[in-house]
Amino acid sequence: MTKIAYVSTYVPKKCGLATYTFHLRQAVQGVKEWRGKDPVIVLTDSVRDKNDDPILWPLPRDQEAAYAKMARKINQSDVDVVSLQHEFGIFGGEAGGHILTLIRNLEKPLITTFHTVFDKPLPPYAPIQREIAERSRKIIVMNRKAIDYLHETFGVPKERIFFIPHGTPEPNPESRHRLRAQLGWDNRKVLMTFGLLGRGKGIELLLRALPGIVKQIPDVLYAIVGQTHPEVKKREGERYREELLEQIRRSGIERNVVMIDRYMEEHDLVKHLMACDIYVTPYPGMQQITSGTLAYAVGLGRPVLSTPYCYAQDLLSDYPELLLPYDDEQPWIDKIVSLLSNDVLLRGWGKKIESVGKSMHWPEVGRRHEQLFAEVRKLESVPR
């Protein structure tokens with residue numbers, strides 16, 4: 001049986017990577033059908049942060065010496081492979097460079113999941129990602145385009161890079177009508193955006209399009225779900241949310257927009273996603289390599305519309321008609337009206353998206369990860 005140590009943030013921390021690692025660990029554990037528990041090297045904000053759970057090994061993010069110490073602890077343990085969930089912002093040092101101290105001292109095989117991959121990486125990110133890639137036995141990405149990026153930029157052999165989709169919960173279509181009633185959405189046509197609120201999510205585009213949609217679909221409701229990003233709140237308080245509210249007032253669409261200002265635990269997010277009619281990601285930044293929220297919507301079989309950023313292009317490659325421009329609201333008006341005014345068409349898109357999402361459910365994603373972890377463990381046990 002392969003024993004895995006995960007390096008990441010972890011619940012109860014409120015961040016997407018923590019949630020992702022929690023579910024990945026659960027899914028892999030379920031495949032292994034093993035009563036033992038795989039440890040998690042948990043990034044903490046302070047050396048004083050303690051956790052009574054012996055399975056959670058705290059790693060103070062800003063203490064570089066702690067990274068070498070943690071590598072020694074892993075080396076002396078019965079861990080078979082290390083799964084690094086890499087995102088530049090979670091590790092200490094410039095561009096998260098402290099993680100290099102851990103992997104330079106690591107003797108156990110390393111499998112890295114890159115949650116961010118740049119088309120054309122620049123310093124200080126490029127040399128850090130290059131070294132992590134070189135020291136990893138295998139690399140996992142959630143976007144097929146990232147395979148080419150890593151190969152062309154760093155020369156990583158493609159046979160060392162594996163595409164495994166972002167994991168998602170499984171849908172429960174029978175609950176949809178009940179959930180819509182609970183949320184007060186049963187008589188509305190609901191568009192939804194979710195995520196920590198901040199500039200760069202493209203929400204203004206949908207608000208510009210909404211008056212044109214309301215003229216033809218009077219009962220449409222745009223749900224903007226999520227609290228303000230903590231870093232945005234530190235910088236400017238709730239100024240951005242107030243700007244959006246002013247845009248809503250000026251456009252006279254108060255009845256057609258709801259802003260749900262709170263952090264969503266996963267079960268609550270799933271409830272809102274299952275209850276909406278169309279999930280939208282109108283992001284202006286075309287380089288975004290992954291989107292957990294778009295992944296969840298697709299995994300749950302909800303119809304989606306998106307700008308053609310990198311992850312959306314890959315995930316929706318079979319359905320380019322669902323990709324709409326950022327700089328022109330008219331195509332959004334036309335597409336949303338056509339879907340919301342035709343229930344048969346909307347259900348048909350739900351079925352198509354559901355077929356895309358089947359390979360993304362956690363049991364399947366866990367199986368593919370466990371298979372790769374076991375393969376690396378076996379390769380390491382073969383005498384050289």
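Helices (H or I, at least four residues) and strands (E, at least two) are DSSP runs, numbered from the N terminus. On that basis, Pro303 falls in the loop between α11 and β12. The model is predicted, so local features need pLDDT of at least 70 and side-chain atom pairs count only at pLDDT 80 or more, while totals for chains, interfaces and linings use all residues. Residues are numbered from 1 along each chain as its sequence is written, and side-chain values use heavy atoms, with hydrogens and water left out.

**The sheet**
- An open sheet is formed by five strands in the order β10-β9-β8-β11-β12, with parallel pairing (two strands pair if DSSP finds at least two bridges between them).
- Because β10 (257-260) and β12 (304-306) are edge strands, each with a single partner strand, one side of each has no neighbour in the sheet.
- On average, neighbouring strands of this sheet are turned by 20 degrees against each other, direction ignored (axes are lines fitted to C-alpha atoms, for helices over the stretch in contact, and angles run from 0 to 180 degrees between N-to-C directions).
- Four bridges join β9 (residues 220-225) to β10 in the parallel sense, and Ala223 stands opposite Val258 in β10.

**Helices across the sheet**
- Helix α11 (residues 292-299) lies across β8 (189-194), β11 (278-281) and β12, at about 160 degrees to β11.
- Helix α13 (residues 329-340) lies across β8, β9, β11 and β12, at about 175 degrees to β12.

**Surroundings of Pro303**
- Pro303 has a relative accessible area of 3% and is therefore buried (under 20%, with exposed over 50% and partly exposed in between; 1.4 Å probe, protein chains only).
- Beyond its neighbours within four places in sequence, Pro303 is in contact with residues including Asp277, Tyr279, Leu346 and Trp349 (heavy atoms within 4.5 Å).
- A separation of 4.9 Å is found between the C-alpha atoms of Pro303 and Gly350, which are 47 residues apart along the chain.
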